[in-house]
Structures are given as C-alpha cells and as structure tokens.
Amino acid sequence: MRTSARGYTLAELAVTVAILGILASVGPTLLTKTQDFFLLSTARTEIERDARASLEVMNRLLRQAVASSVTIDTPANQGPNSRVQFTHMDGRNISFYQSGTNLMQKVGSNTTTISKNLAYIAFSYPRTDDTSIISVSITMSKNIQLGRRKVLELTVQKVRIMN
C-alpha cells in the first residue's frame with residue numbers, strides 16, 4: 001500500500017518564510033534609495049540645464065553692453081552684488097538680478113524670469129584695472145523632497161564686454 005505525500009515540509013516552509021522576510025526588510029530600503037537616486041539625478045540635470053541656459057543669455061547680452069554703462073549693485077533684501085545693469089549697444093537698458101529664488105531679466109520695461117532655481121548670484125570685476133571683464137558667479141538649487149535640496153555651485157564665468 002502506497003500513499004503519495006503531498007504538500008510542503010516544515011523545513012521548506014521555514015526557508016520560504018526566511019527568504020520572504022529578508023526581501024521584505026531589504027525591499028523598502030532599496031526602493032527608497034532608488035527613488036532618492038532618481039530624484040537627485042533629475043534635479044542635477046534640471047539645474048545644470050537651467051544654469052547653462054541662464055549663463056548663455058547673460059553672457060550673450062553682457063558681451064554687447066556699452067562698457068561705460070555697466071553698474072553692479074545690491075538690490076534691497078538680496079545678496080551682495082547680485083544685480084548688474086547696463087545699456088546694450090542697441091540702446092536698450094538691460095539688467096539681471098536675483099529676486100528670492102528667481103533669476104530675473106529686465107529689458108526696458110519687460111521683466112522675465114530666466115530661472116526659478118537660483119540660490120545665489122554675484123557679479124564682480126576680477127581686475128580693478130580692467131572694467132571690460134565681469135565675473136558671474138552662480139549657484140543653483142532645487143527642492144527634492146522632505147525639505148532636502150540639491151545644490152550645484154558653478155564656477156565663475158568671465159565675460160568680456162566687447163564695446
């Protein structure tokens with residue numbers, strides 16, 4: 001008389017429960033780390049793109065400024081030397097400045113936001129004997145989640161005024 005045994009042994013069930021327990025304890029941590037990596041990478045890409053575009057606009061217009069018209073100052077409630085104003089070679093009055101976390105561009109009476117991820121900007125003259133070169137120092141940041149921020153400090157870009 002033969003009977004066929006069906007089912008799982010106690011040892012097989014114990015191993016299965018142990019494996020599921022390990023996966024259940026590691027899974028949330030792995031998912032959290034993956035999400036953090038994705039958010040950081042996305043934020044870095046966005047602020048790098050934002051910074052490049054902002055610097056390109058400022059560089060292009062500053063190069064065409066009338067050198068004698070350039071003024072660097074500090075607007076109320078903003079960082080030191082965070083505004084540059086000048087007259088473009090075509091006669092337009094242009095300024096770039098920080099307003100909270102926004103990088104603003106004012107051309108004549110039209111004001112536009114170039115970036116919403118600005119942490120810090122400063123304009124300066126790297127050489128006191130040559131006012132045709134302006135340094136633009138910029139730091140961008142973006143909120144990620146739960147009060148965390150991704151900050152990207154960019155090197156100083158020097159712009160030569162051509163007029």
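Strand 7 (residues 133-143) is largely enclosed by the rest of the structure, because nine of its 11 residues are buried (buried meaning under 20% relative accessible area, exposed over 50% and partly exposed in between, with a 1.4 Å probe and protein chains only). Helices (H or I, at least four residues) and strands (E, at least two) are DSSP runs, numbered from the N terminus. The model is predicted: local features need pLDDT of at least 70, side-chain atom pairs count only at pLDDT 80 or more, and totals for chains, interfaces and linings use all residues. Residues are numbered from 1 along each chain as its sequence is written, and side-chain values use heavy atoms, with hydrogens and water left out.

Strand 7 pairs with several strands, two strands being paired if DSSP finds at least two bridges between them. With strand 6 (residues 118-124) the pairing is antiparallel and extends over six bridges; here Ser 124 stands opposite Ser 135. Strand 9 (residues 157-160) is joined to strand 7 by four bridges, again in the antiparallel sense, and Arg 160 is the bridge partner of Ile 133. Strand 8 (residues 149-153) runs antiparallel to strand 7 over five bridges, with Asn 143 opposite Arg 149. Strands 7 and 8 form a hairpin with five residues between them, and Leu 146 in the turn has a positive phi of about 50 degrees.

The loop between strand 6 and strand 7 contains Asp 130. This residue is buried, at 17% relative accessible area. The side chain of Asp 130 is joined to that of Ser 132 by a polar contact of 2.6 Å (a pair of N or O atoms within 3.5 Å; within protein, one must be able to donate a hydrogen and the other to accept it, and residues adjacent in sequence count only if both atoms are side-chain atoms).

An open, antiparallel sheet of five strands has the order 1-2-3-4-5. Its edge strands, each pairing on one side only, are strand 1 (71-73) and strand 5 (110-115). Neighbouring strands of this sheet are turned by 20 degrees against each other on average, direction ignored; axes are lines fitted to C-alpha atoms, for helices over the stretch in contact, and angles run from 0 to 180 degrees between N-to-C directions. Helix 1 (residues 10-63) packs on the sheet, touching strand 2 (83-87), strand 3, strand 4 and strand 5, and its direction makes about 135 degrees with that of strand 5; contact means heavy atoms within 4.5 Å.

Phe 123 touches residues including Met 58, Phe 96 and Val 136.

Seven salt bridges are counted, each a side-chain nitrogen of Lys or Arg within 4 Å of a carboxyl oxygen of Asp or Glu. Arg 44, Glu 48 and Arg 52 are linked in a network of such bridges. The closest N and O atoms of Arg 52 and Glu 48 are 3.8 Å apart; Arg 52 is exposed at 56% relative accessibility, whereas Glu 48 is partly exposed at 22%. Arg 83 and Asp 73 meet in a salt bridge of 2.8 Å, N to O. Arg 83 lies in strand 2 and Asp 73 in strand 1, so the pair ties together parts 10 residues apart in sequence.

Key
Lists of a residue's contacts leave out its neighbours within four places in sequence.
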